[in-house]
Every structure is written in C-alpha cells, then in structure tokens.
Amino acid sequence: ISTHIKCRGGTYPRSSIERFPVPDDKVSWSTDYMDYKPANFTSPGIHGKPWADPEIGDPNFKPSWNKIDGKVNRASHMGTYNVVDGYPQNPIGRTGIIGRGVLGRWGPNHAADPVVTRWKRLNNGDVEIDSSNKPILQFVAIKRGDTGEWALPGGMVDPGEKVAAAAIREFQEEAVNSFAMSNEEKSAWLDRFNSLFSAGETVYEGYVDDWRNTDNAWMETIAYNFHDENGTTVGALKLHAGDDAVGVRWVDITPDIQLYASHEGIVNEVLKKCLSKVNKDV
Ligand code: RP5
Ligand code: MG
Ligand code: MG
C-alpha cells in the first residue's frame with residue numbers, strides 16, 4: 001500500500017470537521033504543499049479514556065516513539081516514522097487533518113484482524129465452483145455499527161496483549177458474541193477450536209486505509225487467516241453479532257468485493273493463498 005484514499009477528503013466522520021483537500025500528487029510529505037492548512041481535530045470523547053494517550057506536551061506523557069513503550073507498541077510495521085515538532089507523522093502521507101481524530105494513540109494504533117474462511121458448499125456437501133471453475137471461498141464478515149460497512153471482525157490490540165490472541169478474542173466478541181458467555185464457556189469454545197486457531201497464518205501486516213486516520217495517528221493491523229478446510233469446525237458454527245457489530249454472515253470472496261478500509265485487499269490475498277494450496281494438492 002503506497003497511498004491512502006479513504007482517509008482523504010470529505011468530512012471527518014462523527015464530526016463537522018472538513019478534511020483539507022489532498023490531491024494524489026500532494027500526499028507524499030516529500031512533495032511541497034505550501035497551501036496545506038489541515039484542520040486540527042481530536043475528539044473530546046477520547047480525553048481521559050484509559051485506552052487513549054494524553055495530549056502531546058503533557059508533562060506526564062513521555063512516549064518512546066518507534067518502539068515498544070512499556071505495554072504500548074509505538075513501532076510501525078511500515079518502518080521508522082518521522083516525529084516532527086513532537087508529533088508522529090503518518091507514514092503514507094497527508095490526510096487533510098492533524099490531531100488524533102477519534103483514535104486513542106498518537107502514531108500507530110495497532111489492531112488485529114481474523115480472516116476466518118471455509119469453502120462454500122452445496123446442500124450435498126460438495127464445494128461450490130464459480131463460472132471460471134474455481135472453488136468459492138467464504139469468510140466471516142461483520143457489519144460495522146459505525147459506518148454500516150461489511151468488514152473483518154477485527155479490533156484494537158490491548159496493551160501487552162499478543163496480536164494473534166487479540167484477533168481470536170475480537171472474533172469471539174464480534175462474530176459469536178462471547179459477551180453472552182461465561183468465562184468457562186469462553187475457554188471451552190477456545191479449546192474446541194484450538195487446532196484451527198493455532199494453525200493461523202499471517203496474511204498482512206501494515207497500514208490500514210481507515211477513515212479515522214489523521215496526519216498524526218493511524219491504524220495498522222496484522223491479519224491472520226484461520227482456514228477451516230472441511231467446513232466442520234468454525235465453518236459449521238452459528239454466528240451471532242456482538243459488541244459494536246450489528247450483523248454477521250459468511251460472505252463469498254469475489255475480486256470486486258467492497259469492504260471497510262483496506263479489508264478487500266486483505267481478503268483477496270487470503271483467496272489467492274487458499275487457491276494456490278488447492279492447486280498444489282491437485
Ligand atoms: C480497522 O479497524 C482494522 O483493520 C480493524 O478491523 C478495525 C479495528 O478497529 P475497531 O473495530 O476496534 O473500531 O482499521
Ligand atoms: Mg471489537
Ligand atoms: Mg472491531
């Protein structure tokens with residue numbers, strides 16, 4: 001990903017702040033943009049939240065940029081980012097807005113995304129084939145409460161949490177509503193799918209073109225594929241939307257699929273990977 005589109009132009013969501021226009025050729029920080037006058041916006045709602053940083057300049061806030069800072073990972077998957085006058089700089093470029101917007105962390109905000117997949121099957125159990133003779137891959141998508149878009153059931157990594165564990169926890173919360181389960185039920189559920197989750201493969205790590213990004217705060221993720229080849233484990237589950245998800249279902253991965261942020265790129269990578277394994281096995 002060498003540019004961003006969804007976090008440029010228009011009104012910053014859940015605010016009345018207009019992003020300063022950034023044409024394609026002015027995204028890069030290495031290109032001069034003399035007239036660039038981005039609005040400064042940090043949502044009042046994040047102040048004092050346990051998951052949010054203090055303001056830059058607060059005497060009690062001494063962040064270590066570009067590294068693991070206590071329990072908070074302030075390193076980027078995109079390499080070393082610049083810190084200009086105390087403010088981390090978006091590694092992709094300008095977004096038309098400075099401040100943190102609705103994001104809690106200055107610099108990278110780390111998320112984890114589970115891509116849970118199975119082959120689409122006919123009633124007789126055979127794998128369904130598309131018009132170009134390829135098996136159809138499906139993944140678990142949730143409908144986001146904030147934008148109404150279909151998305152991976154991902155979420156933020158908690159301080160100190162392992163990223164893969166965050167991906168599995170978010171899947172439980174958003175796609176099977178683990179909030180309705182007791183702690184015993186939750187760990188029994190994890191044990192039941194242990195072999196699937198421990199065989200997860202990393203399919204993407206890096207920047208996410210998320211509408212919340214600003215010049216000083218942005219989303220990054222690690223996406224894992226948990227693939228149920230026979231459709232008998234997670235593939236046979238009953239799904240229940242939970243937390244901030246307002247819907248959940250199995251969605252066919254097609255090349256023209258449209259999803260939240262950079263998620264279509266991620267699921268298309270998973271499709272490529274799963275199809276290449278099928279070809280090897282034949
Ligand atoms: C996206 O936002 C990530 O890829 C992840 O899916 C999600 C995390 O944010 P929340 O779902 O917690 O809002 O950028
Ligand atoms: Mg969540
Ligand atoms: Mg989420």
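Which residue is the bridge partner of N109 in strand 12? In strand 12, N109 is bridged to M219. This is a predicted model, in which local features need pLDDT of at least 70, side-chain atom pairs count only at pLDDT 80 or more, and totals for chains, interfaces and linings use all residues. Residues are numbered from 1 along each chain as its sequence is written, while chains are lettered from A and ligands numbered from 1 in the order in which they are written.

- Strand 7 covers residues 107–119; strands (E, at least two residues) and helices (H or I, at least four) are DSSP runs numbered from the N terminus.
- Because 13 of its 13 residues are buried, strand 7 is largely enclosed by the rest of the structure; buried means that 20 or more other C-beta atoms lie within 10 Å of the residue's own, with C-beta atoms placed from the backbone.
- Strand 7 runs parallel to strand 12 (residues 217–228), and twelve bridges join them; two strands pair if DSSP finds at least two bridges between them.
- Strand 8 (residues 137–144) is antiparallel to strand 7 and is joined to it by three bridges, with T117 bridged to F139 of strand 8.
- Strand 10 (residues 155–156) pairs with strand 7 in the antiparallel sense over two bridges, and M156 of strand 10 stands opposite A111.

**Shell around ligand 1**

- The residues surrounding ligand 1 include A111, D113, M156, D210, M219 and T221; a residue is near a molecule if its C-beta atom, placed from the backbone, lies within 6 Å of it.
- Strand 7, strand 10 and strand 12 are the elements that give two or more residues to this shell.
- Seven shell residues are nonpolar, three polar and two charged; Ala, Val, Leu, Ile, Met, Phe, Trp, Tyr, Cys and Pro count as nonpolar, Asp, Glu, Lys and Arg as charged, and the others, Gly among them, as polar.

- N66, in the loop between strand 1 (39–42) and strand 2 (68–69), has a positive phi near 60°.
- N66 has 17 C-beta neighbours inside 10 Å and so counts as partly exposed, the class between buried and exposed.
- D85, in the loop between strand 4 (83–84) and strand 5 (87–88), has a positive phi of about 50°.
- D85 counts as exposed because it has 6 C-beta neighbours inside 10 Å, the limit for exposed being 12 or fewer.

**Annotated region**

- An unreviewed UniProt entry lists residues 119–273 as "domain: Nudix hydrolase"; such annotations may be inferred rather than shown by experiment.
- Over residues 119–273 the chain is 25% helix and 26% strand, with the end C-alpha atoms 13 Å apart.
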